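The sequence and the structure come first.

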Amino acid sequence: MVFIGTDHGTTGISFAISDDDGKLLDVFKLSREDTKSGKVSSIDEISKRCNIDDIKLMILTYAMGDGINRILPLDKVENRGILSIDGAGKVTGGGTSVYEEIEKSNIPTLLIPGLHKNSPSLDKLFNAAYSHQASPEKVSIAYNAIKETGWKNLIVADLSSNSVNILIEDGKIRGAIDACLGAMGFVHGPIDLEMIRNIDEGKISANEAFSHAGAVKIGNIDTNVSFMKDQLLENYKNNDENAVTAIDTITMTIAMEIFGLIGISNNDIEGIVLTGSLGSMKEPFDFQKKLNKYFKNKYPFKIISSDSGAIGAVQIAYDIYHGQDNILGIEVDY
């Protein structure tokens, strides 16, 4: 008996496998380009690590997840649980290939929704303010954060290519702030006035603006999206002034966003969980130390695995199989 969790991430599709005691057995990642081209099969890769017939439940995440608001079996999901694939970052088709391959398999699979204006589990004020707050893997990341800390009132900061900060109160997700609204990530960030003008003038598309609005904008980096972060960090190590300013700016915007969520919380926040390639970064700089410059030791920090999306998903699979019918306030149809 095994369980599978997936994370539909920016740079690839990650998988976590656990046994019948909930013990993590393996985590692996597939390139989007490889899955799209057919060079790599997700089912084949899973088969190398466990017997497909032994899988009792898989949890899948996909794109924005804005077409559903409950955790649903794949046979009850239309259009892969999304309203549209357009305008939300780089599209390669790799995640779609994985989804369709799993859909055709006999593996019992549930799909996690994103956090959006039609999510009844969220605070109505967040839903009134924002059409979209976070994609589905943020739910599994938040679940892993609670498992790792035992906290019920916390901020989960998933910081990487983009930055999404999540407010959790009494063990339920109250709301979140997506990358296009507030804090910068390495690649994605908020679309400001200058970008709006460039969009209106037809110089760039909104999607292109979003995909160049993060720290790379400040670092003057315009290369393939897969290499942007590495180039920025390499420049930082070489004390490039623009790169140093970019990292300091990204940190400031993240601190500002987290403070905002703390400011509107109903409960006292027990701590801040950091994850993602930036959130867990120790080299070439210690991100937690940089961020704590603003928080001045007022809150404890906990760094969890950068694979927390897949790990949280497999934890959700295990708990749902064993009878849990609500995940962070989101109802489960199983």
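## Basis

The model is predicted: local features need pLDDT of at least 70, side-chain atom pairs count only at pLDDT 80 or more, and totals for chains, interfaces and linings use all residues. Residues are numbered from 1 along each chain as its sequence is written, and side-chain values use heavy atoms, with hydrogens and water left out.

## Aromatic pairs

A search of the whole structure gives 8 aromatic pairs. Rings of Phe, Tyr and Trp (its six-membered ring) are paired if their centres lie within 6.5 Å; planes under 30 degrees apart are stacked, over 60 edge-to-face, and the rest tilted. Tyr 236 and Phe 285 are an edge-to-face pair, because their ring planes stand at 65° with the centres 5.1 Å apart. This pair links distant parts of the chain, 49 residues apart: Tyr 236 is in helix 9 (residues 228-237), and Phe 285 is in the loop between helix 11 (276-279) and helix 12 (287-295). Helices (H or I, at least four residues) and strands (E, at least two) are DSSP runs, numbered from the N terminus. Tyr 236 is buried at 14% relative accessibility, and Phe 285 is buried at 5%. Buried means under 20% relative accessible area, exposed over 50%, and partly exposed in between (1.4 Å probe, protein chains only).

Phe 259 and Phe 295 form a stacked pair, with 4.3 Å from centre to centre and 15° between the planes. Phe 259 belongs to helix 10 (residues 241-263) and Phe 295 to helix 12, so the pair ties together parts 36 residues apart in sequence. Phe 259 is partly exposed at 33%, whereas Phe 295 is buried at 0%. Ring pairs also join Phe 259, Phe 295, Tyr 299 and Phe 301 into a cluster.

## Charges over rings

A charge sits over a ring if NZ of Lys or CZ of Arg is within 6 Å of the ring centre and within 35 degrees of the ring normal. Lys 290 places its charged end over the ring of Phe 285, 5.8 Å from the centre. Arg 49 lies over the face of Phe 28, 3.8 Å from the ring centre.

## Surface patch

Met 1, Tyr 321 and Tyr 334 make up a nonpolar surface patch with about 300 Å² of accessible area together. Patch residues have over 30% relative accessible area and no salt bridge; like charges are joined within 9 Å, and nonpolar side chains (Val, Leu, Ile, Met, Phe, Trp, Tyr) within 5 Å. Accessible areas come from the Shrake-Rupley method with a 1.4 Å probe; for residues, only the protein chains shown count as cover. A salt bridge is a side-chain nitrogen of Lys or Arg within 4 Å of a carboxyl oxygen of Asp or Glu.

Tyr 334 lies in the segment after strand 15 (330-331) and is exposed, at 52% relative accessible area.

## Polar contact

Glu 137, in helix 5 (residues 137-149), is buried with a relative accessible area of 7%. Its side chain makes a polar contact of 2.7 Å with the side chain of Ser 135. Such a contact is a pair of N or O atoms within 3.5 Å; within protein, one must be able to donate a hydrogen and the other to accept it, and residues adjacent in sequence count only if both atoms are side-chain atoms.

## Backbone

Glu 283 and Pro 284 are joined by a cis peptide bond, with omega about 5°. Pro 284 is in the loop between helix 11 and helix 12.

Ala 63 is a residue other than glycine with a positive phi, near 50°. Ala 63 lies in the loop between strand 4 (55-60) and strand 5 (72-73) and is buried at 9%. Asn 79 has a positive phi near 55°; Asn 79 is in the loop between strand 5 and helix 3 (94-104) and is partly exposed at 46%.
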